[in-house]
Amino acid sequence: MKQKIKWKNMIIPIAMPVIVFLVFFICQPERFGTPAGIMIMLQQSVINSIIGFGLSLNLVIDTWDFSAGAQLVLAGLVGAYYSQYYGLAGLIVVTVLVATLLGALTGLVYFVFKIPSIIVTIGMMLVYESLGSLYHGGANVTIDMGISFLGRSPGIFIVGILTYILAYVIYHHTKFGYNVRAVGNGEATAKSIGINSLKIRFLCFVVGGIFVGIASFLQVSYGGAIAPKTGMNTMSMVFPPFMGVFIGQYLERYCDIMLGIFLGVFSMTMINTGLIAMGLPGTLQQVVTGCFMLIFMAISINREQAVLKSRKAAA
Amino acid sequence: MKKRIIALLTSMTLVLSTVLMGCGSQENTGGTTEQQTEETSSETAQASDKLPEKFKIGVVIWSTTDDLGGASARLLNYASDIIGCEMVYNTNISSPESQITATENLIAAGCNAIAICNYSDDILPKITSLCEENEVYFTLIWRSISDPEVKEIVEASPYYLGNTCESEEETGYMMGESFHNMGCKNIAVITMEKGDATADARDAGFDRACEEFGMNRISEVRNNTLTAEETTKAVENFLASFPEMDGIFVTGGSNTILEGVIQALALHNKTGEVKVACIDFISDLDKYIEEGAIDAISGGHFVDPLFSYMLMVNKLAGTPLSDNCEQIDLNFINLQSPEDARNYYKYCEGDSYPYNEEEIRSMVKYFNPDMTIDQLKEIAAAYSIDDVVSRHGGDSADTTNN
């Protein structure tokens, strides 16, 4: 019995990326799945996974953070600007610091005003977007190619692995992580055992900001430049990580949630790359990606309900 | 404890705001991001140098902070400062529908005339009726009307003064031709979502060149809000899936899109091997052309709104250049060498403005009674680096862009 559970825990988490890979590999064996291509897809999954690690803390306790993309852009703009004076250290320190402060500010607004997280974070997103367009006259900031090595292999993988370890430790081996899970499992119960759920929600924004900061300096290094975004355009930046978190939450019963997030993001990246390899027109690429997301959510939610129904029937 | 945390965070926020504001003053684009008024007054100017009334001119534009939008806003502010107008920009647009709202807001803000960079033709009938109801003149910038029915409706309006546009399709074709001349066969395209009139026209021209010269459009990415990082990803995906790719066509390279392409090719040591052609200029083009990171580029059309602006200003001043709506055609500038790029930055955008105070004033009939619509069209048609250098080569000081 034990052996069966172990196999299930290994097979199910990797089933989705494997299936996605095989679908595209069978359709386009010459264009999809080359070693270089797999390396690129892994590389591209790192940044969204790190954003997902940060967002997952909030999503676990049913708090939505739509401001993460705007935080990332604003922190990236400030960090990229300071990298012109302080090099890589300026980029990393300033980016992480600014993103953490912005996370704290969002958390503070949520903490003080006690309004729903969706409203707070959309409001803060608009504020951060505007600040980004005001900062340095709204100009694009390009970083020196010499300090962009963290945006490519092996730098991006080293940062990615270290961040994964950090997320794993925070979630599984700290008091904060236990409290997050306790609030996620039931706020009333958590309160009854003395956990201040509002404080935990505030801290989730702060810790989430650290991960957004790490993703921000990786993004600037990877793209070589960053531009302000306005008109709620930063909101679209959080959807791929959100999707990764949804998949991660589903896979949590089989593996670590953070690993699940990475596998989810990696699967989404493969879909994007695969659709390009198939030569699909740009508009159709978005349709297929949207359909995949809908199908996954429909299956995972309905499956849970079906299991619950069958358990009730059995009882 | 809770109070301490709140106090600490408040302090940190204040520090952050100070840093942001402090650095924000480093570079002044002269434009705005949200609806904001640009007071334009020149203390040194004589009262007779200004128009009889300080007209308020609105502009509906995607941004005044990116390379293209920012340069245009600076030029319009400069012109308004000279002739005595007030500029209002509304960049709060994310869809064709929001452009209608943006126009309504500018009308509500008391604009006498509005220049609109419309996403598509579909919104123009509504904008026409809005402007007619409120007796506000309007023009189009960077756009022409391709839908014949819409064209008929808009051009019938006495409040529509005309448009300034570039030959987008022809430029797309020219980019395709340059790929053919460089020996490219398999080209990937980074473009906007379907429905954007400009990108669609550039696309159509490029497809025509592909058909004519036997080149393949191997793949594409469509996104209106690409970042440098997303563009880098897209190019990496092209490289992974299409090893035969030997060219990338970017239909609109501003907002760090072109930087993302250059970064991706550099990361994979493909600079120079995969040819890059792009429409829209960015900064540091001299460096990129010198390094072989860009092989063909057209742009410099930031002067476009100035000509529509002149149609509006002349009408408002009671000295219209024409009784009909007019189309003013502008050429793109093609940069062939780092020297071209350096001249462009020196004389056209960056260090100087392409038209000095005297030239701006001469475009307004109120100051220059000899000005005609044909002359304005000729000025637009003549726009090129050589044209600007020939006019300002020896005395760029009076057009210095501060």
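The largest nonpolar core here has 87 residues, and those with the most contacts inside it are B:Ile57, B:Tyr309, B:Leu335, B:Tyr344, B:Leu376 and B:Tyr383. A nonpolar core is a set of buried Ala, Val, Leu, Ile, Met, Phe, Trp, Tyr and Cys residues joined through side-chain atoms within 4.5 Å. This is a predicted model, where local features need pLDDT of at least 70 and side-chain atom pairs count only at pLDDT 80 or more, while totals for chains, interfaces and linings use all residues. Residues are numbered from 1 along each chain as its sequence is written, chains are lettered from A and ligands numbered from 1 in the order in which they are written, and side-chain values use heavy atoms, with hydrogens and water left out.

- Skip the neighbours within four places in sequence, and B:Leu335 is in contact with B:Phe281, B:Leu285, B:Ile289, B:Ile297, B:Asp340, B:Ala341, B:Tyr344 and B:Ile385; contact means heavy atoms within 4.5 Å.
- Another core, of 73 residues, lies apart from the largest one, and A:Ile170, A:Ile200, A:Val220 and A:Val265 are among its members.

**Where chain B meets chain A**

- The contact draws 50 residues from chain B and 54 residues from chain A.
- Together the two chains bury about 4500 Å², 60% of it on carbon and sulfur atoms; that is the accessible area (1.4 Å probe) that two parts lose on being put together, summed over both.
- The rule finds one salt bridge across this interface, and the side chains of B:Glu244 and A:Arg31 make it (2.8 Å, N to O); the cut-off is a side-chain nitrogen of Lys or Arg within 4 Å of a carboxyl oxygen of Asp or Glu.
- On the chain B side, the elements giving two or more residues are helix H1 (2–24), strand S8 (216–222), helix H8 (228–241) and helix H9 (257–267).
- H1(B) gives the most to that side, with 12 residues.
- That side of chain B splits into 19 nonpolar, 18 polar and 13 charged residues; Ala, Val, Leu, Ile, Met, Phe, Trp, Tyr, Cys and Pro count as nonpolar, Asp, Glu, Lys and Arg as charged, and the others, Gly among them, as polar.

- H9(B) is mostly covered, with 10 of its 11 residues buried, including B:Ile257, B:Glu259 and B:Leu267; buried means under 20% relative accessible area, exposed over 50%, partly exposed in between (1.4 Å probe, protein chains only).
- Just after H9(B), B:Asn269 takes a positive phi of about 50 degrees, although B:Asn269 is not a glycine.

**Chain A details**

- A cis peptide bond joins A:Ser153 and A:Pro154, with omega about 0 degrees; A:Pro154 is in the loop between strand S1 (141–142) and helix H5 (155–173) of chain A.
- A:Ala75, in helix H3 (residues 68–113) of chain A, is buried at 0% relative accessible area.
- Beyond four places in sequence, A:Ala75 touches A:Thr95, A:Val98, A:Ala99, A:Leu102 and A:Ser216.

Terms used:
Helix = DSSP H or I, 4+ residues; strand = E, 2+ residues; numbered from the N terminus.
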